[in-house]
Amino acid sequence: MTTTHSAPGKIYLFGEHAVVYGKRAIASAINLRTTVTVRESARMTIASLLGTTGIDYAVHPYISRCIESLSVPAVSIKIDSEIPVGSGLGSSAAAVIATLGALNSEFDLGMSCTAIAEAGHAIEREVQGAASPTDTFVSTMGGTIMITPGASPPVSAKLRLIDCDIVIGDTREFSSTKELVGDVGVLHERYPVIMNPIFDTIDCFSEIGVPLIEKGDYRGVGELMNINHGLLDAIGVGSAKLSRLVYVARDAGAWGAKITGAGGGGCIVALARGVAADSVVQAISDSGGHAIATSASEEGVAAW
Ligand code: MEV
């Protein structure tokens, strides 16, 4: 038998890094997806852009862990993705969740959506060291959602889907979430009295952001995103390239623009609508970034 599942990538409106310290975050699934096809096979193979391997923790750590954690028979797995790798858009979570979804249905494992999201989160933690539940829960559930890490399950609210244009600016510089989370951890250990209030402030964006999102007040959401960007710079995950893309996006008419994900390299996200969104795309391209115009997606993991 053959089964294909697909799962979305995500952007953070607010809360990356602080969410690792238990603070709230708001993220949205986007219309960039990873598709995984699973086929029963005599030999275990994993094929992706990175190459074709068997169980291989150097090349395919996430998928290898998915297969081993579910103890399923040999399969051939093919991964196709629209989500740039190592860019802060949740490419590894989308691959994990689509793989778990496909294996669940191929072998009738009876896992619920919450069980898939929890298993995905455990796999991300095992492979990366530290990981919040954001990427795996958003990729499983879809939509625009508030994450409260301590709660069970951590998705505390499904919000009104962001319905303006979402423009991503990719610096095309690889960013290692593990390293950046580690760097922030060093600052946190060294200066807890400075870092904790910053995380507390970032937590407030999610609270103040909810009514703005519910009203579709993207000017207000954008204003908060701009402040959140400043705080991400403050905790050391910014870069000259990221800030350049943020500022050209704002100058071109975005309501707000900020780093999305771990930072260091990777992507920025900007909110705009219509002609302004076209100008933001152009401005990002003119500044040497790779612009991706997308939108929010209500669809989480699904048979494809
Ligand atoms: C990475 O996309 C976002 C971080 O907050 C890490 C995490 O949430 O696991 C930096």
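The following legends describe close-up views of a predicted model.

**View 1. Strand E2 and its antiparallel partners.** Strand E2 spans residues 25–40. Of its 16 residues, 13 are buried, so E2 is largely enclosed by the rest of the structure. Strand E1, residues 2–14, pairs with E2 in the antiparallel sense over eleven bridges. Strand E5, formed by residues 75–81, pairs with E2 over seven bridges, again in the antiparallel sense. Strand E6, residues 144–147, is also an antiparallel partner of E2, with four bridges between them.

**View 2. Residue pairs along strand E2.** Ser28 of E2 stands opposite Ile11, and the bridge partner of Ser28 in E6 is Thr144. Ala29 of E2 is set opposite Lys10.

**View 3. Strand E1 between strands E2 and E12.** Twelve of the 13 residues of E1 are buried, and this strand is therefore largely enclosed by the rest of the structure. Besides its eleven bridges to E2, E1 pairs with strand E12, residues 302–303, over two bridges in the antiparallel sense. The bridge partner of His5 in E12 is Ala303.

**View 4. The crossing of helices H2 and H3.** Helix H2 comprises residues 91–106 and helix H3 residues 113–128; their axes come within 10 Å and cross at roughly 130°. H2 and H3 are therefore oblique to each other. The crossing of the two helices is right-handed. On the H2 side, the contact is made by Ser92, Ala93, Val96, Ile97, Leu100, Gly101 and Asn104. On the H3 side, Ile116, Ala117, Ala119, Gly120, Ile123, Glu124 and Gln128 take part. Classified by residue type, the contact of H2 with H3 contains eight nonpolar, five polar and one charged residues.

**View 5. The open sheet of four strands.** Four strands form this open sheet, in the order E9-E10-E8-E11, and the pairing is antiparallel. Its edge strands are E9, residues 256–260, and E11, residues 290–294, each of which pairs on one side only. From one strand to the next, the twist averages 25°. Strand E8, residues 165–170, pairs with E11 in the antiparallel sense over five bridges. Within E11, Ala291 is the bridge partner of Gly169.

**View 6. Helix H9 across the sheet.** Helix H9, residues 275–286, lies across E8, E10 and E11. E10 consists of residues 267–272. The helix runs at about 0° to E8.

View 7. Thr134 lies in helix H4, which covers residues 134–141. Its relative accessibility is 0%, and because buried means under 20%, Thr134 counts as buried. Leaving aside residues up to four places away in sequence, Thr134 touches Tyr12, Val19, Ala27 and Ile147.

Note on methods. Residues numbered from 1 in each chain as written. Predicted model: local features only at pLDDT ≥ 70, side-chain atom pairs only at ≥ 80, totals over all residues. Heavy atoms only, no water. Axes fitted to C-alpha atoms, helices over the stretch in contact; angles between N-to-C directions. Parallel < 35°, antiparallel > 145°, perpendicular 65-115°, else oblique. Left-handed = near helix turned anticlockwise from the far one by under 90°. Contact = heavy atoms within 4.5 Å. Nonpolar A, V, L, I, M, F, W, Y, C, P; charged D, E, K, R; others polar. Buried < 20%, exposed > 50% of the residue type's maximum accessible area, 1.4 Å probe, protein only. Pairing = 2+ DSSP bridges.
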